[in-house]
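Hello,

Here is the structure for your files. Please look it over first; my notes follow below.

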Amino acid sequence: MLKKKLNSIPIKKKVAGILALFVFLFLGTFFSVSAILSSLENKLINLSDLHTLETSVFELNKDISEIQRLVLAYGRTGSEAIYRKLTFRHKSLQDRLLNLKKQDDFKEIEADISSLLAVTKRYEEDIVSLKELREKKDTSIGIGLPSAFEELEKTLTSTRLPERLKIRTQESIYRMRFYAKSFIAHKNFKSKRAFNVLSREVLKTLKKNGDDQLRDALKTYIEIFDQAIIANRNYITLVNVVMSGEATEFSNLSQKLNQKVALLTENTNNALQKKITDNQNVFYIAFLILLPIIFITIYFSNQTVTNSLKDIADTFESFLKGDFSQEVPERDRTDEIGKLANAAEEFKKLNKQLKNESKRAQGLAQTKSDFLANMSHEIRTPMNGIMGMVEHMLDTDLNKEQKEMLDIISSSGNSLTTILNDILDLSKIESGKMIFEKEPISLKKLVEEVEFLFQEKAKSKGVRLSSFIEKDITFNFFYGDLTRIKQILINLLSNAIKFTNKGSIELHIAGGPLKDGLSPLTFTVKDTGIGIPKDKQELIFAKFSQSDASTTRKFGGTGLGLAISKKLAELMGSQLLLESDLGKGANFSFTLLVQKAEVEKKAEDKKLLHFGKLGDSKNCLIVEDNEINVKVLTKRLDKLGLCYEVVNNGQEALDKEKEKNFDLIFMDLQMPVMDGLTAAKSLRDRGCETPIIAMTANVQESDQKMCKEAGMEYFIGKPIKRELLEDLLEYILIENKVS
Amino acid sequence: MKRRDFLKGSAAGIAAFSTPAIIAQKTPTLRVMGTHVTLQEELRKKAMKDLGINIQFEPKGSAAVLQKAASNPGAFDLYEQWSDSIGVLWQAKAIQPIDTKRLKYWDEINQLPKTGRIVSGAKLGAGDSPNKILFVQKDGTLGSNHTNNISFMPYVHNVDSFGYNTNKIAKGEAYKTESWSWLLDEKYRGKVALVNAPTIGIFDAALAAQGAGLMTFKDIGNMTMEEIDKLFSILKAKKQEGHFSGFWTSVPQSVEFMTRDRVWIESMFSPGVSASKGKGIPVTYASPKEGYRAWYGVMCLSKKTNGKAKDIAYEYMNWWLSGHAGAFIARQGYYISNPKRSKPLMSSEEWDYWYEGKPARSDLKGTDGLVSVKKGEVRDGGSYIKRFSNIAVWNTVMDNYDYSLEKWYELLNA
């Protein structure tokens, strides 16, 4: 049910949904983790700040102790330097506190810092008072009091009091001075009381004796003593009670602060620990949420997407292999996979159709091919007869008129053969059945041969034909398909002669630097003929086309030559290029990249072949049912001086060979009773090693291949060309096989 | 229309009518130096409003304010503290006599500051009872013979003892089990504080030592040097044992000590007790069987204050006795020297609780606006008369005050 529902949701939506879910989870995790991390960072900073704070707070205690020590030291010495140090120290303490207060990270201790600051603020005033009061005290005790006493003494000396009284008063004031000093030093009120009692007594006495001057001096002394006491008291209160109280309070507060900071540090530590745990928990939770989602996603995508896709892909694969028996799965789905499955179904249908069409087309092509092969065979066989007979007739005594007629027949026959070959070649090329040989070719021989072929014709037209091989070509033999290269050159030269009425034609072969181990050979056929206008140049490479419709009428030809040459050049990895203009002759060229071939040097100059005495000892068997063909061949062999026997079918050949050993067998392919292929195979099967030359009008490569498979190592097309036959016989009987 | 309101109206509304003279005239400023006990913002605002003057308060710890006033009379116009300041200030010639004829309510002031007794026959505490230092004698000394010149204007007063947190220390019985000796009880080691003022703290400590049977005094109001030595050797030993958690210098600090659980028991002033209770700490202000340490608030005129400043100083002194301030400070447990003028400004519940020692008939708020007395509570120690009939000693500057200062220093740094 669920699966069905899932299958109805488009994959696009599913993927988008899953992605959105992942993005959501990822963002959720990201934000919560980054929030935790940033608060973690804050806590860490906080912790480090707290450590700094702890140090600062610890320093506070040291500062206040030092300050108290300085207050005491100043009290003892009154040293200006110590006082400066005291104010400096206090200032630095205050600055430290102000700095702490400025750090607004620690709200918890703000109140404590404020309390400490309030204490130091009060203390600051106390420090100012300290100096003031100490000076007052020192002045009053150290200067005021002694000078008041001096004044008192002086007044006493100059007094007109009776001597006894004077001495008694003097004694009293000395005692007063003693009590005063004692009280200031020891603060024992007994001394003060004694001073008071004594002073009252003396004042009374002096009043009685009317010595106002001395009395005033004494009063001043008493007053200055009282002032000294107050000054001393003020100073002592300041130091002993006020400043000491503040310092004690400061210590208490800073100790409390210390504890608080320690607690803060601990709390922060704990909070940090908690944050780390939280962080871990977020990861765990995210992990716990993500994991099943991933699994579920994988499971469902497997179920609903991957597996289905694989099934469809497998189905496609078997379709591609040609197996259309399988049913396309998932066609009931409505999502993309459903669409794909339906597309596969369409593909299946189309492919079935296509296969049928293709079969039909292949059948048609085959039919065409067969037709061409048959045509070729059917036309070649009579042509072989005609041409053979014409050649023989030309060797007989003829009158001039007869000879002229025979020449025309021969020429027409050759044209017909050429047309036939061209059509066959083109059909081969187009059907991709053209196979290129890789055999050693003699460049020199190739050039000589093609030049030789056209020399006579050129001469007859009054055109100079020459060939030239560049000296930089250091080799002679190379691998290639001689027939096809020759075919191109013949085509080009034939055209050149056809369209050149005066001047010259040159076959030029140029070399070039080695390229990937291959040597370039550029074949150029240059003529001084009528040339081809630029706008027609493309046209001449097309099938059945010449530069001008009138050309056909004027020069003849099928118009296939250049098309075939162009295709052949291309199939050999080259391009047939044309440089020409109207009235300026034409340059046709193509470049082959060839591999050098190491071949034993052969006698390249070929004499007219005649086996002579050797011929008598060489006995050939001709297996051919067609009388004309037999005649054509026997005439040739007669000329070459070879012996032969003739049988009409394969079976007869087998029988004959049983009776007698032959040096060579000519085997036709299509014969009644037993065809050539069967006969050859039987011969080989029974151990016959005699060289067999297959003779057939079926010149297609497929036919040659069949012949080879049947054990016929040589092949000659019909109509049999004299040169070809001679070459073959020379090769088999003289150079190679038969000793 | 009050003068102040008139000024306001004219300044804001009728610009053309306002005379340049009024604008140009600089509002005079009165500088008052004292402690947090009486230097309270509400009072300052009210006084400024009522008197149309500027008032500057400079509150300090009691020792600090005394020291500053004694050494620098130019720094204040009026000095507010306790009667133990008088000896120091008068000797230091930092203050000038106040003319009773300029005190509007002089005659309304009850007999306590004038005779030392709240009622005839009440016990006269040791030390300087206010009457002994109130009147300026012909020879310039201070004495109890009535004259028209006084060293201070008597205004707020109270009896002090120690406060204790009944969450920590079982509540005792007033005048029977509650004893000064608790301050030295080993049970409360580390949870005890004294006030850092030798003229006050020394008596708390002396009463405690005497109450604990550690020593006796011939005259606790005027100790000998030997007695002082002995007392301080006891205290120093205690301190070294870690008995004292601190020595507070101001009332807010004493409240902090109590509310932050720094102490369970400490010398306290009445506002400190009210504030602590307002903050939820059940503090009982003890009524020690040995009697209270009493004090009388003094308002002194600086020797250096003259002319206009002196006039507004008298205005301020008269304002204080005009009723409102007395009613206000009653809510922190203080009495005023002329209670009858404040009575109409207090609710009858307040009057009955604070002055009469009757159970509160409703929740009562302190000066800070927080409930400091719950319905049904009875004031520690009872009525005004009962409490002032049980005075052990008055805050005093003893003869050996100078000597005690040195000892005090030793104690603080022990």
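**Helix pair in chain B**

B:Leu66, B:Ala69 and B:Ala70 in H4(B) meet B:Ser85, B:Val88 and B:Leu89 in H5(B). Contact means heavy atoms within 4.5 Å. By class, this contact of H4(B) with H5(B) has five nonpolar residues, one polar and no charged ones. Ala, Val, Leu, Ile, Met, Phe, Trp, Tyr, Cys and Pro count as nonpolar; Asp, Glu, Lys and Arg count as charged; the others, Gly among them, count as polar.

Before going on, the ground rules. This is a predicted model: local features need pLDDT of at least 70, side-chain atom pairs count only at pLDDT 80 or more, and totals for chains, interfaces and linings use all residues. Residues are numbered from 1 along each chain as its sequence is written, chains are lettered from A and ligands numbered from 1 in the order in which they are written, and side-chain values use heavy atoms, with hydrogens and water left out.

Back to the pair. H4 covers residues 62-71 of chain B, and H5 covers residues 84-91 of chain B. Helices (H or I, at least four residues) and strands (E, at least two) are DSSP runs, numbered from the N terminus. The two helices pack at an angle of about 20°, with their axes 9 Å apart. Axes are lines fitted to C-alpha atoms, for helices over the stretch in contact, and angles run from 0 to 180 degrees between N-to-C directions. H4(B) and H5(B) are therefore roughly parallel to each other. The cut-offs: under 35 degrees is roughly parallel, over 145 roughly antiparallel, 65 to 115 roughly perpendicular, and the rest oblique.

**B:Tyr79**

B:Tyr79 sits in strand E3 (residues 78-82) of chain B. B:Tyr79 is buried, with a relative accessible area of 0%. Buried means under 20% relative accessible area, exposed over 50%, partly exposed in between (1.4 Å probe, protein chains only). Residues up to four places away in sequence aside, B:Tyr79 touches residues including B:Leu66, B:Ala69, B:Ser85 and B:Leu89. From B:Tyr79 to B:Leu66 is 13 residues in sequence and 8.8 Å in space, C-alpha to C-alpha.

**Chain A**

Chain A has 19 helices and 12 strands. Of its 739 residues, 43% count as buried. Among contacts in chain A between residues at least 6 apart in sequence, 73% join residues at least 24 apart.

Two helix pairs are listed here. H4 (residues 110-157) and H5 (residues 163-186) of chain A have axes that come within 10 Å and cross at roughly 175°. That makes H4(A) roughly antiparallel to H5(A). Their contact has eight nonpolar, three polar and three charged residues.

H11 (residues 482-499) and H13 (residues 561-571) of chain A pack at about 145°, with their axes 9 Å apart. Residues of H11(A) in this contact include A:Arg484, A:Ile488 and A:Leu492. On H13(A), A:Leu562, A:Ile564 and A:Leu568 are among them. The contact divides into six nonpolar, five polar and one charged.

Finally, A:Glu645. A:Glu645 lies in strand E9 (residues 643-647) of chain A. A:Glu645 is buried, with a relative accessible area of 18%. Neighbours within four places in sequence aside, the contacts of A:Glu645 include A:Lys656, A:Lys660 and A:Phe662.

Best wishes
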